[in-house]
Amino acid sequence: MERRTKLEGIYIPVITPFNKDESINFSGIKELAKFLAENGVTGIIPSGSTGEMIALNKEEQIAVNRAYIEAGHDNGIKVVASTGAYRTKDVVDMSKDAEACGADGIMAVTPWYMAPNYAQLYEHYKTIHESINIPVMLYHNPYYSTALLTDEFMAKLYNDGCIDAVKERQADVYRQQHLRQLTDDGFGLFYGYDVCPVECLSCWTDGWVCGTGNLFPKENVDVYNLAKAKKTAEAMKAQEEEVWPYLHLFSTPDSNGDILWLQIIKEGLKMRGVDAGYCRLPVFSSLPEETIIRLKDTLRHFGYLD
C-alpha cells in the first residue's frame, strides 16, 4: 500500500479571531499566522476545537481554512486544515476544498453527539481518505466528541489505509507507545495535550499538537526541538522552566470554578500585540479581574509585558 507524506512536527491548533459583531476577523488570521511562524512552529491547524469549529457553519469553516492556508504558506509554515463535521459529506466537501487550496493535510475529529459505532466510523474515514490525496489525521478527542476509540481500532484505520496520522488527545503516555507497537514508523503519531510532551516525543511520538502554543509558541518549540533531538534532560528542564510556569492559567479554576482557557488565549494574544479578536456566543469573551491579573503576571514572568 502506498503511503502518503508523513506528518510530523509541532502544530498549533489556532484560534479563530472574531470581530465584536461575530464576523470573522481575517486580518487577525494573518497576524496570528505570522506570529506563530516567527516563533518557529512547523505548522498550524485551523478550525479545530481551539478554533471554535462548532461555532462555524460549513461555509465559514471553509473560509477560515482557506485564509489560514494562504497566511500559513505566505509565512513558510504548513497547514493541516480541520475539516471535522458530523456529516461525512460535509467532511469530504471541506477536505476537497482544503486540498484544492494547497493544504498539507486535513484533520477530522470523530463525529459527535450521536456517536457512530466502529463500522460507521470505519466507513466515515475510508470515504474521507479516498476522496483526497493529502494526509488524513484522525482527531481522537472523546471528551468533546463522545467517541472513545481503542488503540486497536485506530491502528486498524491506519493499517487499512483509512488514515495517515492521529492526534491522540487522551494524554496517556502508554497509549502513544501502544499505538506505535500496533502500527509502523509511517504512522504520524501526535501527542495532543500540554502536560507531558517530553515523555512522548523522546520515545514514540512524531509530533505535538499544542493548544497553549497559540500564546506561548516559542516555549513549546524549545521543548519540542530538544525532545526530538533526544536531549531528554535538557527537554525536561525546558518543560519545567518554560511550560510549567504558565500551565496554572489553564488548570486552575477561578473563584467561580471556571477555567476559561479559550478566553485566556485570546486575551493573552491581544496583550502580546496579536489581534486575536473575540469568542462567539454562547461563549463569553470577558475574563474576571482575578484571571486577568494572573494572566498579566504570567506574561511578565516570561518578559512579554512590562
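Guide: Buried means under 20% relative accessible area, exposed means over 50%, and partly exposed lies in between, with a 1.4 Å probe and protein chains only. Helices (H or I, at least four residues) and strands (E, at least two) are DSSP runs, numbered from the N terminus. This is a predicted model, in which local features need pLDDT of at least 70 and side-chain atom pairs count only at pLDDT 80 or more, while totals for chains, interfaces and linings use all residues. Residues are numbered from 1 along each chain as its sequence is written, and side-chain values use heavy atoms, with hydrogens and water left out.

Visitor: Which way do its side chains point, then?

Guide: Val136, Leu138 and His140 point one way from strand 5, while Met137 and Tyr139 point the other way. In a regular strand the side chains alternate between the two faces of the sheet.

Visitor: In what sense does strand 5 pair with strand 4?

Guide: The two pair in the parallel sense over 4 bridges; strands count as paired if DSSP finds at least two bridges between them. Ile106 stands opposite Val136 in strand 5. On the strand 6 side, residues 165-168 also pair with strand 5 in the parallel sense, over 4 bridges, and Leu138 stands opposite Val166.

Visitor: What unit do strand 4, helix 4 and strand 5 make?

Guide: They make a right-handed β-α-β unit. Right-handed means that, with the strands pointing away from the viewer, the path from the first strand over the helix to the second runs clockwise.

Visitor: Changing topic, where is Tyr113, and is it buried or exposed?

Guide: Tyr113 lies in the loop between strand 4 (105-109) and helix 4 (118-131). Tyr113 counts as exposed because its relative accessible area is 73%. Its phi is positive, about 70°, although Tyr113 is not a glycine. Most residues other than glycine have a negative phi, and most peptide bonds are trans.

Visitor: Which other residue has a positive phi although it is not a glycine?

Guide: Ser47 has a positive phi of about 65°. Ser47 sits in the loop between strand 2 (43-45) and helix 2 (58-74), and it is buried, with a relative accessible area of 0%.

Visitor: And which peptide bond is cis?

Guide: The bond from Leu281 to Pro282 is cis, with omega near 20°. Pro282 is in the loop between helix 11 (261-271) and helix 12 (289-301).

Visitor: Where is Glu52, and what is it in contact with?

Guide: Glu52 is in the loop between strand 2 and helix 2. Glu52 counts as buried because its relative accessibility is 4%. Leaving aside neighbours within four places in sequence, its contacts (heavy atoms within 4.5 Å) include Thr16, Phe18 and Arg280.

Visitor: Last one: what covers the buried residues of helix 6?

Guide: The cover includes helix 4, strand 5, strand 6 and helix 7 (173-182). The buried residues of helix 6 (residues 151-159) are Asp151, Phe153, Met154, Ala155, Leu157 and Tyr158. Gly161, whose phi is positive, near 80°, follows helix 6.
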